[in-house]
Amino acid sequence: MIFKPYYAFETGCAAYLLGCGTLGLCAVVDARESEVDAYIAFAAAKGMRITHVIDTHVHADHRSGGPALARRVGASYCLHESADVSLPFEALTDGQEIALGNTRLTVLHTPGHTPESVCLVVTDLRRGAEPWFVLTGDTLFVGAVGRPDLPGRARESAGELYDSLHAKVLTLPGDLEVFPGHFAGSLCGAGMSGKPSSTIAFEKRCNPQLSMTREDFVAALAEVAPKPDAMEHILRANRGRPEAPR
Ligand SMILES: [Fe+2]
């Protein structure tokens, strides 16, 4: 397997290029606009074709490089089917498997941070049939969880996030490694660690937001401050609607 994280330490953002070196097929997850050339160059150097460009959700904190990257390499730009965007995309569904040679991604729909959020469970068939790690987007961070990101729906979104985490993410095997979309320095959650990866078992034991009751979790997350104007602007661009609503 080829697995290359792209960590932006100034903003706490993580993107991932991963796939099968043997068969030369890969995906890029949560691509950033400023790194499109770097993903293309790395894939070319490894003799890999980028077949899928996946955003775990519509980002509000940085310009996605997903649509541009997908266009340049002739790949599918993928989002969960519930994504509210004005761009063409391939709709992902809960439980769907994406085959990248010997690497398999399984889509878990985990609404809460946003309605269209997904996690991607990764299996390397050359190592075994069991999943090895999970890309958690902005659903689960190291030491924190995503903030409910939809204005006016904080309590409802927080409840959805609690349910997604407890029903779908924390039920994964404890030894699965966790690679989130952000780490310390990002505005997409509070209290994130500066260490960009963890395991399900360690987060269950040590992440303070995962041991709360649903009621306490919703109360704590609903306190979230409104997004800065710049984030609204970025969100509109990532939805393919750059003009301000009238
Ligand atoms: Fe986000």
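A polar contact is a pair of N or O atoms within 3.5 Å; within protein, one must be able to donate a hydrogen and the other to accept it, and residues adjacent in sequence count only if both atoms are side-chain atoms. In this predicted model, local features need pLDDT of at least 70 and side-chain atom pairs count only at pLDDT 80 or more, while totals for chains, interfaces and linings use all residues. Residues are numbered from 1 along each chain as its sequence is written, and side-chain values use heavy atoms, with hydrogens and water left out.

**Ser 186**

The side chains of Ser 186 and His 182 are joined by a polar contact of 3.3 Å. Ser 186 belongs to the loop between β11 (177-180) and β12 (198-199); strands (E, at least two residues) and helices (H or I, at least four) are DSSP runs, numbered from the N terminus. With a relative accessible area of 10%, Ser 186 is buried (buried means under 20% relative accessible area, exposed over 50%, partly exposed in between; 1.4 Å probe, protein chains only). Neighbours within four places in sequence aside, Ser 186 is in contact with Thr 11, Gly 12 and Met 192, where contact means heavy atoms within 4.5 Å.

**Iron site**

Three residues coordinate the iron ion at 2.1 to 2.3 Å: His 57 (NE2), His 113 (NE2) and Asp 138 (OD). Donors are N, O and S atoms within 2.8 Å of the metal (3.2 Å for Na, K and Ca); water is not among the atoms, so sites may look incomplete. Along the chain, the donors of the iron ion follow the spacing H-x55-H-x24-D. His 57, in the loop between β4 (49-54) and α2 (66-73), and His 113, in the loop between β8 (103-109) and β9 (118-124), link distant parts of the chain, 56 residues apart. His 57 counts as buried at 1% relative accessibility, and His 113 is buried at 0%.

**Salt bridges**

The structure holds eight salt bridges, each a side-chain nitrogen of Lys or Arg within 4 Å of a carboxyl oxygen of Asp or Glu. The table gives some of them.

| Pair | N to O distance |
|---|---|
| Glu 33 and Arg 63 | 3.8 Å |
| Arg 72 and Asp 37 | 2.8 Å |
| Asp 94 and Lys 168 | 3.2 Å |

Arg 72 lies in helix α2 and Asp 37 in helix α1, so this pair ties together parts 35 residues apart in sequence; both residues are exposed. Glu 33 is partly exposed, at 45% relative accessible area, as is Arg 63, at 38%.
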